[in-house]
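Subject: Handing over a structure

Hi there,

Here is the structure I promised to pass on to you. Please have a look at it first, and then read on for what turned up.

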Number of protein chains: 2
Amino acid sequence: MRFALLISYDGTDFSGFQIQPDCRTVQGELERAAEEALGVRAKICGSGRTDAGVHARGQVCHFDAETNIPAKKIKDCFNRFLPPDLRVLKSIRAPEGFDCTRSAKRKTYCYTFYCSETEQPLLRRFCARVSGKPDLSAMREAARLLEGEHDFKAFCAAGSSVKTSVRTVYSVRVDSETVGTAEVFRISVCGSGFLYNMVRIIAGELIAVGCGKREGITAAFTSGRRGCLAKTMPACGLVMENIEYEVPLFGTEEI
Amino acid sequence: MRFALLISYDGTDFSGFQIQPDCRTVQGELERAAEEALGVRAKICGSGRTDAGVHARGQVCHFDAETNIPAKKIKDCFNRFLPPDLRVLKSIRAPEGFDCTRSAKRKTYCYTFYCSETEQPLLRRFCARVSGKPDLSAMREAARLLEGEHDFKAFCAAGSSVKTSVRTVYSVRVDSETVGTAEVFRISVCGSGFLYNMVRIIAGELIAVGCGKREGITAAFTSGRRGCLAKTMPACGLVMENIEYEVPLFGTEEI
């Protein structure tokens, strides 16, 4: 039997999703909880292996196990054994042939940052800090260039070994609002899939363009050179928001 | 010379504002930093002594010290010696006769909570969790009753020894928005001053009324009995937003 989980975590104190010896990882905590809660040694696959410090509001996982526990109850079984910075929000029996990675159609990530000369204690956990204030319309204009099917080779950290770097970006939205005394910007990117560090590189480039740098996106598409683009933004501002499948997986029932 | 500081802190890991032996407090950290950064042993007064776990976006402090360091630079001196969950956002030379507590004209606190059956890792640090979903218009209707000058004796935790419990509440705003899969509510209360736990008791009563409880505010004003009102909400949802003085203290310059 295959089960699917909708999970959320505060990535601050995790060394990323993927299990590693002697590190506190999301997968490691989930597999430990599965053993303690269900008595099964299951490999828990995630739809995206988020990096150290990256958060998730709607990560999707699957695992195979034989159990009599009703699928809906599995959520509570896990949560009894998980730390408070990691929670299963929903658990279901997975549809026939479901694979949380291969069945994914669209993924949405959100990158959040605030503009301030001083680090702000109430924002620092989930937002990166940027000195100076980027121009929203310049960011939006550059964001348009990213939409569509492109070879995103230049938008990828070194060391990645994917077959193809062609991806489709469905939309890039940039919004800003005032939170207390700070201006907070959100870059929301929806795509068919993302290369390693791709959203953090997109965020870095859009911020740099907003701060007056000439856009390097067009040149990056042509040349495939990482050097055309600005620096990768830090992990703390990134949230995996949701993963969409052919059919809505978890229903609309409230969490 | 008297200086005024605008400070912000994530209250999670503090045992409140007020200094206590063997506890990590905001005042304790500030006084330690003053000694290390400025070489002065100063008592640092806060405009409100927030409880353990309560956050601040715009707390105001003052202290007296003889120093040649320009007032604007004092901020950076402090920040070099403060932990990242506590920051001085602005520092100025205080106006003649200024006292951060006695000179305060209006204070604004914000109480935030989310509605979910499951604790959400990305919300739990700065929002309380509520099961069920309160009715926004019922909360707003009850909020109206609080506005004006009243004896808030019933809205005060036991053990407080204030001269008078008459306070003026200028406004109570209630808003909600969807954050990811959760509904997040914000109760923003602006008043002349607040009794011990007053905002957390107001939040508890408004939430209970929103969930179908008959309002106890009218009876609480008449009888002064704490028992007319619902339970005090937890500290994590409370943020001291800002303190207003006769004249805007810190200017409008960005932080």
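To get started, in which strand of chain A is A:Thr112 found? A:Thr112 belongs to strand 5 of chain A. Before you go further, please keep in mind that this is a predicted model.

**A first residue to look at**

A:Thr112 counts as buried, because its relative accessibility is 7% and the cut-off for buried is under 20%. Leaving aside its neighbours within four places in sequence, A:Thr112 has contacts with A:Phe126, A:Cys127, A:Ala128, A:Val184, A:Phe185, A:Arg186 and A:Gly237.

**How the two chains are related**

Chain A can be superposed on chain B by a rotation of 180 degrees with 0.0 Å of shift along the axis, and the RMSD is 0.0 Å. That is the relation of a two-fold axis. If you want to find the axis on your screen, look for A:Arg125, which comes closest to the rotation axis of the residues of chain A, with its C-alpha at 4.9 Å. As for the interface, 100% of the interface residues of chain A are also interface residues in chain B, so the copies meet through the same surface.

**Two pockets**

The largest pocket holds about 1400 Å³ of space. Its lining consists of 42 residues, and those nearest its centre are A:Glu177, A:Arg186, B:Glu177, B:Val179 and B:Arg186. Both chains take part: strand 5 (104-115), strand 8 (166-179), strand 9 (182-191) and strand 10 (238-245) of chain A, and strand 5 (104-115), strand 8 (166-179), strand 9 (182-191) and strand 10 (238-245) of chain B, each supply at least two residues of this lining. By type, the lining of the largest pocket has 16 nonpolar, 13 polar and 13 charged residues.

The second largest pocket holds about 1100 Å³ of space. There are 37 residues in its lining, with B:Ser47, B:Gly48, B:Arg49, B:Lys107 and B:Phe194 nearest its centre. Strand 2 (45-46), strand 5 and helix 4 (198-210) of chain B are the elements that give two or more residues to this lining. The lining of the second largest pocket divides into 14 nonpolar, 16 polar and seven charged residues.

In soluble globular proteins, nonpolar side chains tend to be buried together. Here the largest nonpolar core has 79 residues, of which A:Leu30, A:Phe78, A:Phe155 and A:Leu206 touch the most other members. Helix 4 (residues 198-210) of chain A gives the most to this core, with eight residues. Not counting residues up to four places away in sequence, A:Leu30 touches A:Ile7, A:Phe17, A:Ile44, A:Cys61, A:Phe78, A:Leu82, A:Leu86 and A:Val88. Another core lies apart from it and has 78 residues, including B:Leu30, B:Cys77, B:Phe152 and B:Ala235.

Helix 2 (residues 71-81) of chain A has as its buried residues A:Ala71, A:Ile74, A:Lys75, A:Cys77, A:Phe78 and A:Asn79. These buried residues pack against strand 1 (2-9), helix 1 (26-38), strand 3 (55-64) and strand 4 (86-93) of chain A.

Over in chain B, B:Leu206 lies in helix 4 and, at 0% relative accessibility, counts as buried.

**A few loop residues**

Most residues other than glycine have a negative phi. Which residues have a positive phi although they are not glycine? One of them is A:Asp22, with phi near 60 degrees; another is A:Asn197, at about 70 degrees. A:Asp22 sits in the loop between strand 1 and helix 1 of chain A and is exposed, with a relative accessible area of 83%. A:Asn197, in the loop between strand 9 and helix 4 of chain A, counts as buried at 16% relative accessibility.

Finally, A:Gly159 is in the loop between strand 7 (148-151) and strand 8 of chain A. A:Gly159 is exposed, with a relative accessible area of 81%.

Notes
Residues are numbered from 1 along each chain as its sequence is written. Chains are lettered from A and ligands numbered from 1 in the order in which they are written. This is a predicted model: local features need pLDDT of at least 70, side-chain atom pairs count only at pLDDT 80 or more; totals for chains, interfaces and linings use all residues. Side-chain values use heavy atoms; hydrogens and water are left out. Copies are superposed by least squares on the C-alpha atoms of residues with pLDDT of at least 70 in both. Contact means heavy atoms within 4.5 Å. On a 1 Å grid over the protein atoms alone, a cavity is a set of points where a 1.4 Å probe fits but cannot get out, and a pocket is an open set with protein on both sides within 12 Å along at least five of seven lines; lining residues have an atom within 4 Å of a point. Grid points are joined across faces, edges and corners, and a volume is the space filled by probe spheres set on the points. Helices (H or I, at least four residues) and strands (E, at least two) are DSSP runs, numbered from the N terminus. Ala, Val, Leu, Ile, Met, Phe, Trp, Tyr, Cys and Pro count as nonpolar, Asp, Glu, Lys and Arg as charged, and the others, Gly among them, as polar. A nonpolar core is a set of buried Ala, Val, Leu, Ile, Met, Phe, Trp, Tyr and Cys residues joined through side-chain atoms within 4.5 Å. Buried means under 20% relative accessible area, exposed over 50%, partly exposed in between (1.4 Å probe, protein chains only).
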